[in-house]
Amino acid sequence: MTDETINIEGAVCAPPLPHGEQIVMGHGAGGRMSHQLIQKAFMSVFDNPALKSGDDAALVVPEHGKLSISTDAHVVFPLFFPGGDIGKLAVCGTVNDVAMLGAKPLYLTAGFILEEGLPMETLKLVVASMKSAADEAGVQIVAGDTKVVQRGKADGLYITTAGVGVVREGVNIGGAQAKVGDVVILSGSIGDHGIAVLGARGELGFESTIQSDVAPLNHLIDAMLDASNNVHVLRDPTRGGLATTLNEIAVQSNVGISLEEQSIPVHPEVNAACEMLGFDALYVANEGKLVAIVAKEDAEKVLSAMKQTRYGEGAIIIGEVTAEPKSRVLLKTALGSTRIVDMLAGEMLPRIC
Ligand code: MG
């Protein structure tokens with residue numbers, strides 16, 4: 001794959017230029033080389049006053065209200081996959097987690113673990129992708145750290161991110177807020193990210209056009225919260241998939257959740273891949289989808305607000321919150337039977353986010 005071009009937006013992404021500049025141990029030694037790397041690779045791209053100050057921490061002016069804070073580590077393999085890359089994943093993952101409490105994400109920090117020998121060109125593409133995702137989300141990357149580890153001790157590049165946002169006034173969103181009678185809304189089709197990464201590893205056994213759904217969801221959430229004060233729960237079904245996320249919410253809120261299998265959108269290619277590999281799409285990771293639990297009377301308002309946004313076009317009601325069975329998720333199948341949907345037990349897809 002070394003002679004293919006890297007295309008951050010697009011389909012095929014491959015390891016870059018074989019003979020270009022590479023990360024060496026000296027880049028992590030804290031001296032002149034480290035400073036040059038930080039200046040060239042990060043500061044000039046992320047470029048904002050808090051970062052440029054060059055102090056040990058970023059100084060930012062707090063807004064009123066409550067803060068939403070989250071952190072994440074990203075270890076995806078391969079680094080580039082259809083629809084995204086580790087950089088976009090790192091920014092979107094943290095932006096989304098911060099936003100899921102009804103917060104406006106403002107600032108991110110990023111830690112880079114670089115493997116000796118990593119082509120500088122790869123780092124540049126990842127950083128550019130982070131910048132572009134941060135711009136789309138409207139957040140600034142205001143602090144960071146870089147460490148270099150010896151060849152063979154990492155898979156090219158790991159990224160950890162932390163994010164902070166300000167919660168909207170009057171908003172009280174959380175996993176424990178689901179109420180009996182609420183409806184469950186899903187923002188679009190499930191399983192795209194997990195299957196896209198698997199496809200990029202050549203493990204599908206067929207040519208797939210599935211793209212990762214990785215995207216910042218904060219503007220979608222803004223539209224939902226503009227439309228209704230009765231959004232009770234928001235969560236992104238990432239690792240563990242929709243099934244695991246809904247189980248978490250059912251436990252936190254001590255309610256039952258009943259789903260209609262037929263209403264859950266799954267791309268036909270994702271379905272085919274799942275059937276072939278013995279996966280259940282309900283457990284496959286998503287990186288640009290959210291589940292919302294909303295008061296029934298506001299469901300249509302929220303749904304129509306979602307559909308007018310880029311990442312909510314496929315929004316649909318997939319179920320409801322019930323009094324019983326407590327802490328359980330039930331699925332009414334297409335054949336008319338009902339089965340319990342449990343949490344993901346153990347590992348399904350390694351290293352996907
Ligand atoms: Mg999350």
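Tutor: Start with a term. A crossing is right-handed if the near helix is turned clockwise from the far one by less than a right angle, and left-handed if anticlockwise. Two packed helices are described by the angle between their axes and the distance between the axes. Keep in mind that this is a predicted model.

Now take helix α1, residues 32-46, and helix α4, residues 120-137. Their axes come within 9 Å and cross at roughly 20°. Angles under 35 degrees count as roughly parallel, so α1 is roughly parallel to α4. The crossing of α1 past α4 is right-handed.

Which residues make the contact? From α1 come L37, A41, F42, V45 and F46. From α4 come M120, L123, V127, A128, M130 and K131. Sorted by class, the contact has 10 nonpolar residues, no polar ones and 1 charged.

Next, follow the chain out of α1. D47 lies in the loop between α1 and α2. Its phi is positive, about 25°, although D47 is not a glycine. Most residues other than glycine have a negative phi. D47 is partly exposed, at 41% relative accessible area.

Is V61 buried or exposed? V61 has a relative accessible area of 68%, so it counts as exposed. From A50, V61 is 11 residues away in sequence and 10.0 Å away in space, C-alpha to C-alpha.

Beyond β1, look at the loop between β1 and β2. P78 is found there. The peptide bond from F77 to P78 is cis, with omega near 0°. Most peptide bonds are trans.

Last, turn to the metal. D97 and D236 coordinate the magnesium ion through OD atoms, at 2.1 Å. D97 belongs to helix α3, and D236 to the loop between β8 and α7. The two are 139 residues apart, so the pair links distant parts of the chain. D236 is buried, at 7% relative accessibility. D97 is partly exposed, at 27%.

Note on methods: Residues numbered from 1 in each chain as written. Predicted model: local features only at pLDDT ≥ 70, side-chain atom pairs only at ≥ 80, totals over all residues. Heavy atoms only, no water. Axes fitted to C-alpha atoms, helices over the stretch in contact; angles between N-to-C directions. Helix = DSSP H or I, 4+ residues; strand = E, 2+ residues; numbered from the N terminus. Parallel < 35°, antiparallel > 145°, perpendicular 65-115°, else oblique. Contact = heavy atoms within 4.5 Å. Nonpolar A, V, L, I, M, F, W, Y, C, P; charged D, E, K, R; others polar. Donors = N, O, S within 2.8 Å, 3.2 Å for Na, K, Ca; no water. Buried < 20%, exposed > 50% of the residue type's maximum accessible area, 1.4 Å probe, protein only.
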